[in-house]
Structure formats: C-alpha cells, structure tokens
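Take a look at the fold first, then at the ligand.

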Amino acid sequence: MGEKTTQEKLALHGGPKVKETPFGTGKRFGFEEVKELIEALEQNTLFYHQGNKVKTFLRDFNDLYQIDYSVAASSGTAAIHVALGAAGITVGDEVITSPITDQGTLIGILYQNAIPVFADLDPHTYNLDPASIEARITKRTKAIVVVHLAGNPCDMDPIMELAKKHNLKVIEDCAQSYMAEYKGRLVGTIGDYGCFSTNDFKHISTGDGGIVTINSGDLDDFHKVHAFADKNYQRFSNMVSRAMDYLAPNYRMTELQGAVGIAQLKKLPAICGARQRYGDRITAGITGLPGIRPHRVKEGNRSTYWFYMLRLDESELTCTRNEFSKALSAEGIPNTIGYIPDVVYMQPMFQNRQAYLNNHFPFDLTGITYERGLCPNAENILRSAVRLTVNEFFTDQDIEDMISGIRKVTMFYRK
Ligand SMILES: *Cc1c(COP(=O)(O)O)cnc(C)c1O
C-alpha cells in the first residue's frame, strides 16, 4: 500500500487544515446602483410603463442577448408562469420538466392547472435526458420546461427536435444559467421562451425579479407575454387597453428593481467569466481522482457555475458521501450534501397530490402518481452529490485550496 504515504492526517482527525485563509468576498452593489436608484426616484414615478429604468434594463438585456423582445417580471417563478400562460398551457396539459430544481419551476405549471411530469436526468450533467423526455410524451403533453441546472446547458438540439416533432413549446428555466452557452448559443434564446431570475441568490440581484425572453421574434407573441405579466393590460406605445381577454396575474417589475438591474447587468459578463474559469478549474483539478466524478459540461458548451456539484462513487472509497462531506468541511472547504434534500416529486405536494388545499385538482384529471424510483438517475445524483460554492469574489488561491482539500480527503479515503 504505497499510496498510504500520500495520505495526510485529516483535519477531521486533528491534522492541519488545508484552507488557512478566508475565502474572497466583495460588495455586489456600489455607487453604480445608487446612482440608478436616485435617478429612478427623481423620475417621480416607480411604475415601469411611465419610467425608463425597467425599459432600459430590458433594452440592455436584449443587447447582451442579441434578441428583439423580453418582458420583465416580479420573480423567476413569475417569469416561468408568464411564459407558460403565454404559451397557452392550460387545464390538464402535461408539462415535462426536471425533478432536480427549485419549486419556482413547478409553481406556474400548477397555477395553470397543468400537470408536471418528471423526466430523468443525465447522471453527470444533472440535466434532462432527451431519451427520457421522449419516453414521457403523451397526447396531453404540451410543453417542456428545461432547467439549465447550476449554469450548465441542457442538451438543446435533441430537445428542440422532439418539440418540433410533437408540437411542444419549450421554455428554458435559466434562473441559474446567465450567459451559459450551448454550442455557442446563449441559453434562453433557443427555446420558445427563456426565463431568468434576479432574486438575491442568483448571478445578479435586483432583490427579486425576473425576465422572459420571446424568441419567436414575433410582435404578437411579445404582446401576449407582456400582457400576461400585467393583468392583461396592453400597454404599447401610447395605446393602453384594459380588455380582459383571459386571466392574467400582476407580475410587474418596479422601477427600483429595473434601476438596480441596469447596474447589475453591466457586471454580469465579468461575474460569469470568473465563475466559468473557477468551475472549469475545479474540474481540471479533480479529474481522474478515485471515486470522484466531476460536474460534467459537455464539449462545446459553456457553464457559468451557479454552483459546482461533484458526485462520489462510494465503491471506490472507504467512506460514505456524508463522511466525505464532513471531512471536507473540516479542511475549511464549505460544502453541502446534494442540492435539494430529495427529488421534487417526493415533496408532500406531489405525494399527496394536493396543489390546492382541500382537493386533488389537477392531478385527478389523469390519476397521475409520483413514486420513488420514477427518475432513478436523479435520485442517485442527490444521494451521491457534494456541492461546492463557486463565487466571483473567490480568488485563484481559494480555488486551488478547494482542489487541494478534495484531493487530500480523496487520497485519505481511497480504497
Ligand atoms: C431561483 C430559481 C427559480 C425561481 O426564481 P425566483 O426568482 O426565486 O422566483 C426557478 N428555477 C430555478 C432553477 C431557480 O434556481
């Protein structure tokens, strides 16, 4: 057992910690945001249609993304609901999506009284597997909500092909994937609609907020999305119509959010650049270690790492995933086990098939049930994953320390 000489005493067992310096931190907001906020207030209105801040925010976003149309919303959850509403998703429709996501992906589906159907994931990108999507398509299927998890692009070509073949809408949940690229194309510009979140935990923050991209380039489509986020008010140029053609919520963004968004958007390319570099460096630093499966980004794609999630193969290690995680924490490398505690379909809402208090609508329209084992890859991902924080304020040294910590713990526990 020559390798044993490469073992160092774990911090968990009283050895020296790998990470001796604090992780880099920084201020997300500065005078740039303050200036925009003052200007917003001096407009004497905080209403998006009268002021210029939300409009400028969207214009800048459109320039960055090279698209014609986008609409602001009050959150990422709202953005997804707006896209589904504008796509015409309605009672009893089935919408295929990912079982590893934020509940914001699911809320709009159920508010439209449509039924979430979960497809399984690629074991290493943690994104929807096109073959599993295809297997879940029925006569009721109307849309696919893809989630580009953790900044890593989904396999869009085969997904768009399936959508075309079966006449399905594709909504991209880009809440975690600003400026990520699939084969050189920005995610959020590939499906029918792309939905972004500016909640406080995302790459950029306006406190709360969201954006919907309209990728058809069609003006009527844009108007439909716009109206669905604003109680069906149709506010275009000087024309305002209050015609209530159908049910639509109020998901408007305020000028204060738009103002902060303008300044935040200017920082976005650098934030994404740093995260990409750090995430890719972690992969390079841990590839080939026994029992360690890096967060896979497919060749030709760009991930902007909202987080980094590796998987452990316990058959190559003498420890469990949870012991590994604890040992890594003790080395001064913060991490969490998995991402969410379990696949979303194990949540009480799906297990009890109760989206609304006191009834089982819309689940009872089809009698759908959500069983353990429905998406085995997704379940195994969450059982074996260790999630690391990636942040633009980290330093190169922080990343090297993270890699050293993972290497040290792996070498200690290797078989
Ligand atoms: C954050 C997030 C959402 C919801 O965004 P909110 O702005 O918090 O409503 C939706 N989907 C994913 C994948 C997210 O990470």
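Which residues come nearest to the ligand? They are Gly76, Thr77, Asp173, Ser197 and Lys202, out of 14 residues around the ligand; a residue counts as near if one of its heavy atoms lies within 4 Å. This is a predicted model, in which local features need pLDDT of at least 70 and side-chain atom pairs pLDDT 80 or more, while totals for chains, interfaces and linings use all residues. Numbering runs from 1 along each chain as its sequence is written, and side-chain values use heavy atoms, without hydrogens and water.

Now the polar contacts (pairs of N or O atoms within 3.5 Å). A side-chain N or O atom of Thr77 is 2.5 Å from a ligand oxygen. Asp173 places a polar side-chain atom 2.7 Å from a ligand nitrogen. For Thr105, the distance from a side-chain N or O atom to a ligand nitrogen is 3.5 Å. The protein covers 92% of the 380 Å² of accessible area that the ligand has on its own, by the Shrake-Rupley method with a 1.4 Å probe.

Asp173 stands opposite Cys195 in S8. Strands S5 (residues 169-173) and S8 (residues 193-197) run parallel, joined by three bridges; pairing takes at least two DSSP bridges, and a strand is a DSSP run (E) of at least two residues. The open, mixed sheet has seven strands, ordered S1-S9-S8-S5-S4-S2-S3. S1 (69-73) and S3 (115-118) stand at the edges with a single partner strand each, so one side of each has no neighbour in the sheet.

Definitions and conventions
Helices (H or I, at least four residues) and strands (E, at least two) are DSSP runs, numbered from the N terminus. A polar contact is a pair of N or O atoms within 3.5 Å; within protein, one must be able to donate a hydrogen and the other to accept it, and residues adjacent in sequence count only if both atoms are side-chain atoms.
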